Amino acid sequence: MSASVVVWADTIGMSDGIEALRSSVTIARQCDDLLETIALVESGLADAAVLAGPSPDVDAHVIDGLRERGAAVLVLVDDAAERRRLEELGAVCESAMSTPQAIADLLELTLAALPRHQPTAVPAVDHPTHPPEPSATRGQVVAVWGPVGSPGRTTVAVNYAVESALAGARVALLDADTYGASVSAYLGLMEESAGMAQLCRLSDQGVLDRSGYERACPLLHVSGVRLRVATGLPRPHRWPELRKASLERVLDYLRTVVDLVVIDVAAPLELDEELSFDTAAPQRNAASAVVVEQADEVIAVGQADAIGVPRLIKALEQLEEVSPGSVPRVVFNKVRRESVGTHPERQLRQTWDRFGPAAPIRGYLPWEPETTAEALLAGTALAECAPNSSLRIAIAQLAGHDVVPRRSLFAPRRGARVTGS
């Protein structure tokens, strides 16, 4: 197998040494600029990049940019901490003191394990890897998604997370909506902190650990339980901070420290930004797309009315394109007679059987505007401000937990006589 390689900042004559081998690995170009290195890979000139310059200049953006274009990334570095950081970002590392033959052999081994020109995981090599923290657990990721039109994604995400925490799970609630993050407003939290941006920044730097996670995701106390919350972007124009590769690393890490990650994402999934640029560009909808791709379960929330039902049907077609084979849990929110008919659940089910996709309806959430308004005004979850509401009970059941309504101590008992003064 022949392979062409672009080399960045070769000051040790490594390129000449590889060329002198006359092996299947050839040096296509040497350059002194990292952006030029990415551009050469983008042009299809090289299958791999060898980065021989100062390792601190090699960050997540560089490695992600090369890997997303299908190139293997080999960094020459001797510092142990830098090596660990770069390996966590997805690069293959080798000592700068290695011989040209050893570097060529490692390039051949790495390229042989990669589907050519396809973005993929870096193959395992015989280097020590940094163990996940703290260990063995692998949490579940649930994406709460739905079509445009405010079907109630945030209400479902927040209360689903709280109900899971009340059931004893370690929960992290994330807001990855790049159009209108609203979890912080729902819960009355400071939004300027942008916990999601902090998590992505830490992952890009290769320093996302327990302390960084706890700084980015403050504790939220609700009804006697605690969960971690990463607020969304305070300004929509900051959407490039939630890059696809960054989010993938964040989700991989969070799976190791909590039992459940609940993510509120925006509706759009199409990646048509690629059509607007000659080269690969940041994609605003990539945050939603990567979350639904990575999620163990997608809850598709639709609004139960004449507009919301067809919107959900069309949106599910998009979901199938982005995540083929995904079977979301379809949930209709704001279910009421006024918008659907006398028997709303039955009529929704009949309509869905006739026009909807194969995924069945898995839940109906009642329309309780006063209850949701009360929760929003109080900046808390339904479990705290309306524990006996039908909406709270329905969301708890959606999360797999049965809630027994609490009887008020001041409610008149059956048969009790109310006496006046």
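I started at the second largest pocket, where α6 gives the most to the lining, with four residues. I am working from a predicted model, so local features need pLDDT of at least 70 and side-chain atom pairs count only at pLDDT 80 or more, while totals for chains, interfaces and linings use all residues. My numbering runs from 1 along each chain as its sequence is written, and side-chain values use heavy atoms, with hydrogens and water left out.

**The pocket**

I looked up the volume and got about 400 Å³. A pocket here is an open set of points on a 1 Å grid over the protein atoms alone, where a 1.4 Å probe fits, with protein on both sides within 12 Å along at least five of seven lines; lining residues have an atom within 4 Å of a point. Volume is the space filled by probe spheres set on the points.

I find 23 lining residues, with Ser150, Gly152, Arg153, Thr154 and Thr155 nearest the centre. Elements that each supply at least two of the lining residues are α6, β12 (329-335), β13 (361-366), α15 (369-378) and α17. Helices (H or I, at least four residues) and strands (E, at least two) are DSSP runs numbered from the N terminus. By class I note ten nonpolar, eight polar and five charged residues in the lining. Nonpolar covers Ala, Val, Leu, Ile, Met, Phe, Trp, Tyr, Cys and Pro; charged covers Asp, Glu, Lys and Arg; the others, Gly among them, are polar.

**α6 with α17**

The axes of α6 (residues 153-166) and α17 (residues 390-398) come within 9 Å and cross at roughly 70 degrees. That makes the two roughly perpendicular (65 to 115 degrees; under 35 is roughly parallel, over 145 roughly antiparallel, the rest oblique). Axes are lines fitted to C-alpha atoms, for helices over the stretch in contact, with angles from 0 to 180 degrees between N-to-C directions.

On the α6 side I list Thr155, Val156, Asn159, Tyr160, Glu163 and Leu166, which meet Arg392, Ile395, Ala396 and Leu398 in α17. Contact means heavy atoms within 4.5 Å. This contact has six nonpolar, two polar and two charged residues.

**α2 with α3**

I then turned to α2 (residues 34-42) and α3 (residues 60-67), which pack at about 15 degrees with axes 9 Å apart. That makes α2 roughly parallel to α3. Leu34, Thr37, Ile38 and Val41 in α2 meet Val62, Gly65 and Leu66 in α3. I count five nonpolar, two polar and no charged residues there.

**α8 with α10**

Last, I have α8 (residues 195-205) on α10 (residues 244-257) at about 90 degrees, axes 9 Å apart. That makes α8 roughly perpendicular to α10.
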